[in-house]
Amino acid sequence: MVGLQPPDRGTTGAVSTGFRWLGPNDKIVVDGFDDPKVQGVACHISRAQTGGVKGALGVAQDKSDASIACRQVGPIRIVGELKDGERVFDEQRSIVFKTLQVVRFFDRERNVLVYVAYSDRVLTGSPQNSVSTVPIMRWPAP
C-alpha cells in the first residue's frame, strides 16, 4: 500500500475458546477496519489467538483460521486506483514467518468488491481462506 496509511482498526470483541492455567486463555478476536481506498465499506475479521505463556510473551504461532465479512455502510467512494489483489489489511501471526492478509479485487463485470482473507508463510502458504463480497449500490440520501 504505497502512499496509504494502514487502515485504522480496533478490536470489536473477543470470546474465550480454551482455558489456560498459565497466561491468557485461547480466544477468537474480532477486529473491525475500513478499506483505506474505498470509503463506505467496513470489514470485520475474526481470528484465532493463542494464549498461554507463549501467547502472553507474543511468541506463539496463531492458527491460520480467519473469517471476514465486509458490508457497505454508506455511499461508496473510491479513492485512487484499485489494483486487483491489493493488500488492505495485514497482521503478523508469528514472530517472523506467518502473516494474516486481506486483499481486495474489483469484479467490474458485476460491480462488486471482493475481499479475501488468508494466511501466508515465508516458505509455504495456507489454503485456508475466507471471502466476502460487497455489491456497489446506490446509497439513499439522509
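Here are some questions and answers about how terms apply to this structure.

Me: What kind of model is this, and how are residues numbered?
Reply: This is a predicted model, where local features need pLDDT of at least 70, side-chain atom pairs count only at pLDDT 80 or more, and totals for chains, interfaces and linings use all residues. Residues are numbered from 1 along each chain as its sequence is written, and side-chain values use heavy atoms, leaving out hydrogens and water.

Me: What makes cysteine 43 and cysteine 70 a disulfide?
Reply: A disulfide is a pair of cysteine sulfur atoms within 2.5 Å. The sulfur atoms of cysteine 43 and cysteine 70 are 2.1 Å apart, so the pair forms a disulfide. Cysteine 43 lies in strand E3 (residues 38–49) and cysteine 70 in strand E4 (residues 66–78), so the pair ties together parts that are 27 residues apart in sequence. Strands here are DSSP runs (E, at least two residues), numbered from the N terminus.

Me: Why is this disulfide called right-handed?
Reply: The torsion about the S-S bond of cysteine 43 and cysteine 70 is about 110 degrees, so the disulfide is right-handed.

Me: How do you know whether cysteine 43 is buried or exposed?
Reply: Buried means under 20% relative accessible area, exposed over 50%, and partly exposed in between (1.4 Å probe, protein chains only). Cysteine 43 has 0% relative accessibility, so it counts as buried. Cysteine 70, at 0%, counts as buried too.

Me: Why is leucine 22 called exposed?
Reply: Its relative accessible area is 61%, and the cut-off is over 50%, so leucine 22 is exposed. Leucine 22 is found in the loop between strand E1 (9–18) and strand E2 (26–34).

Terms used
Helix = DSSP H or I, 4+ residues; strand = E, 2+ residues; numbered from the N terminus.
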